[in-house]
Amino acid sequence: SISDVTLTGGGGTDMRVGIDAALAARPAADVIVVFTDGGTPWHAHRLGVPLIVALIGTHAKDSAPAWAK
């Protein structure tokens, strides 16, 4: 049940690490969806696949690159 899940952490996750892993996987990702509060660094350039950023949390800030959806 979702009520049994305990979220932990404190921010500062570098989402580029997971994005790079998805790009390196075989078969490679066709699209990448990231759920974040926005507190992460982003790749400087457009990726080879679409990047969808879902901002979540009451303190989320839109820090996603302009080329992301």
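Aspartate 14 is partly exposed, with a relative accessible area of 27%, where buried stands for under 20% relative accessible area, exposed for over 50%, and partly exposed for what lies in between (1.4 Å probe, protein chains only). The structure is a predicted model, in which local features need pLDDT of at least 70 and side-chain atom pairs count only at pLDDT 80 or more, while totals for chains, interfaces and linings use all residues. Residues are numbered from 1 along each chain as its sequence is written, and side-chain values rest on heavy atoms, with hydrogens and water left out.

The side chain of aspartate 14 meets that of arginine 16 in a salt bridge, at 2.8 Å from N to O; the term denotes a side-chain nitrogen of Lys or Arg within 4 Å of a carboxyl oxygen of Asp or Glu. By this rule the count comes to one salt bridge. Arginine 16 is likewise partly exposed, at 30% relative accessibility. In general, side chains of opposite charge can pair when their charged atoms come close.

The protein contains one helix and two strands, and from the N terminus on these elements follow the order α-β-β. Helices (H or I, at least four residues) and strands (E, at least two) are DSSP runs, numbered from the N terminus. The helix α1 covers residues 15-24, whereas strand β1 covers 32-36 and strand β2 covers 51-55. Along its principal axes, the C-alpha trace spans about 35 × 25 × 20 Å.

Of the 69 residues of the protein, 23% count as buried. The largest nonpolar core has ten residues, namely Ile19, Ile32, Val34, Trp42, Leu47, Val49, Leu51, Val53, Trp67 and Ala68; such a core is a set of buried Ala, Val, Leu, Ile, Met, Phe, Trp, Tyr and Cys residues joined through side-chain atoms within 4.5 Å. To this core, β1 and β2 each supply at least two residues. Valine 53, a member of the core, is in contact (heavy atoms within 4.5 Å) with Val34, Thr36, Trp42, Ala64, Ala68 and Lys69, its neighbours within four places in sequence being left aside. Among contacts between residues at least 6 apart in sequence, 24% join residues at least 24 apart.

The loop between β1 and β2 holds both threonine 40 and histidine 43. Threonine 40 counts as buried at 10% relative accessibility, and, residues up to four places away in sequence not being counted, threonine 40 touches Thr13, Asp14, Met15 and Ser63. Histidine 43 is also buried, with a relative accessible area of 19%. The side chain of histidine 43 makes a polar contact, at 2.7 Å, with the side chain of aspartate 20. Such a contact is a pair of N or O atoms within 3.5 Å, of which, within protein, one must be able to donate a hydrogen and the other to accept it, and residues adjacent in sequence count only if both atoms are side-chain atoms. With residues up to four places away in sequence excluded, the residues touched by histidine 43 are Arg16, Ile19, Asp20 and Trp67.

The protein exposes about 5000 Å², of which carbon and sulfur atoms supply 58%; accessible areas come from the Shrake-Rupley method with a 1.4 Å probe, and for residues only the protein chains shown count as cover. On the surface, Val31, Val33, Phe35, Ile52 and Ile56 form a nonpolar patch, with about 430 Å² of accessible area together. Patches are made of residues with over 30% relative accessible area and no salt bridge, like charges being joined within 9 Å and nonpolar side chains (Val, Leu, Ile, Met, Phe, Trp, Tyr) within 5 Å. Isoleucine 56, one of the patch residues, is found in the segment after β2 and is partly exposed, with a relative accessible area of 44%.

Leucine 55, in strand β2, is partly exposed at a relative accessible area of 35%. Apart from neighbours within four places in sequence, leucine 55 is in contact with Thr36, Asp37, Gly38, Ala60, Lys61 and Asp62, whereas its C-alpha atom is separated by 24 Å from that of alanine 28, 27 residues apart along the chain. Threonine 8, in the segment before α1, counts as exposed at 75% relative accessibility.
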